Each structure stands twice: as structure tokens, then as C-alpha cells.
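Here are some notes on how the secondary structure elements pack and pair. Please read them with the model open.

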Amino acid sequence: MLRHAARRLASRATAAPTARRALATAEVPAEAAEDSTFVEAWKKVAPNIEPPATPLTMMQPRPPTPATLPTKLTVNFVLPYKSEIANKEVDMVIVPATTGQMGVLPGHVATIAELKPGVLSVHEVPVDQIDSALVQKGLAEFTAKLGSASTDLEKAEAQIGVDVHSALNAALTG
């Protein structure tokens with residue numbers, strides 16, 4: 001059975017090479033169109049039933065490629081009950097994916113990934129605009145606060161400050 005199918009496919013390919021279509025976004029029509037070959041064949045087989053939608057009818061044209069890459073990325077972060085971030089222009093977003101952390105920059109190629117629970121990092125300031133002296137000063141202040149904290153709330157706030165300034169320091173030192 002398989003041998004016959006392969007032979008039939010090979011004979012069709014050599015008999016009418018011009019009838020084949022390449023799957024490329026350049027050939028996608030501006031509007032949804034019907035696959036006329038499929039519709040004609042369908043009407044011969046089942047004339048009383050409307051032909052089903054084909055992939056060609058669902059394909060949308062690719063948006064034009066911009067001449068230059070954008071400098072910012074627009075972020076919307078929406079929860080079922082409220083919007084956390086709306087139309088914010090940022091430099092980079094790092095999302096937790098099942099394959100690891102995925103950084104998205106302006107002009108990033110379209111990607112599909114399975115996300116996992118975790119921290120979404122939104123970067124608004126380029127690293128070269130961070131003042132390392134202020135980072136060191138903040139790290140020292142929060143470390144001192146952590147050492148002198150008496151309540152759990154003070155300890156938690158100081159630990160967050162230490163973590164943020166340590167991450168900033170690590171980003172600056174590379």
C-alpha cells in the first residue's frame with residue numbers, strides 16, 4: 001500500500017511540477033482566499049456539502065519588515081482581574097519558560113514558548129545609565145538595615161533592598 005502511494009505521489013510530482021505551490025509568506029494573498037483546486041475537487045466528490053476551510057483561507061499576510069529595528073518594546077501584562085502593566089515601553093523583558101529564562105528585545109523574532117510560573121523581569125533602564133556609586137551606597141545602606149532590623153517586616157524590606165542592589169551590582173560588573 002505504501003509503495004503504491006509513494007509511486008502515485010512521485011508520478012504526480014513529475015507530471016505537473018507547475019501545479020505545486022511553495023509555502024512561503026511572500027505568496028500569501030492580501031485577503032483570505034479559497035483554494036480553488038481543493039474547492040473544485042471537493043464539489044466533485046461531495047456536491048451537496050460546503051467545502052471546509054483550508055489553511056490557505058486562514059493564512060494572514062506577514063506584516064512588512066520595518067526598515068530599522070525598534071528601540072523600545074511595548075509591554076502589556078494583564079491578569080484576569082486587573083492590568084499590571086499597560087502599554088509601557090521598555091528595553092527588555094525576561095520571561096520564565098520551561099526551557100529556561102528567555103530574554104525578549106525590541107525587534108525580537110516571533111517565538112512561541114511554554115511559560116512557567118516565575119518572575120517576569122521588565123528592564124526599563126540600560127545598564128550603562130546606572131550609577132555604580134549609588135548602587136554601592138544603596139547596597140551598604142540596606143545591608144546595615146538588615147543587620148539592625150528588629151521585626152520581620154523590617155528584615156524582609158531590607159533583604160529586598162539588598163537583593164535588588166546586589167542584582168544591580170552584578171549587572172554592572174558583568
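1. Helix H4 (residues 132-148) and helix H5 (residues 152-173) have axes that come within 8 Å and cross at roughly 150 degrees. That makes H4 roughly antiparallel to H5, a label for angles over 145 degrees. Axes are lines fitted to C-alpha atoms over the stretch in contact, with angles from 0 to 180 degrees between N-to-C directions. Helices (H or I, at least four residues) and strands (E, at least two) are DSSP runs, numbered from the N terminus.

2. The H4 and H5 crossing is left-handed: the near helix is turned anticlockwise from the far one by less than a right angle.

3. Contact here means heavy atoms within 4.5 Å. On the H4 side the residues include Leu139, Phe142 and Leu146; among those they meet in H5 are Val162, His165 and Leu172. The contact of H4 with H5 divides into nine nonpolar, nine polar and three charged residues.

4. This is a predicted model: local features need pLDDT of at least 70, side-chain atom pairs count only at pLDDT 80 or more, and totals for chains, interfaces and linings use all residues. Residues are numbered from 1 along each chain as its sequence is written, and side-chain values use heavy atoms, leaving out hydrogens and water.

5. Strands E1 (residues 73-78) and E2 (residues 83-90) pair in the antiparallel sense over five bridges; pairing takes at least two DSSP bridges. They form a hairpin with four residues between them. Val75 stands opposite Lys88 in E2.

6. An open sheet of three strands runs E4-E3-E5, with antiparallel pairing. E4 (100-104) and E5 (121-123) are its edge strands. Pro96 has Gln101 in E4 as bridge partner.

Technical notes:
Angles under 35 degrees count as roughly parallel, over 145 as roughly antiparallel, 65 to 115 as roughly perpendicular and the rest as oblique. Ala, Val, Leu, Ile, Met, Phe, Trp, Tyr, Cys and Pro count as nonpolar, Asp, Glu, Lys and Arg as charged, and the others, Gly among them, as polar.
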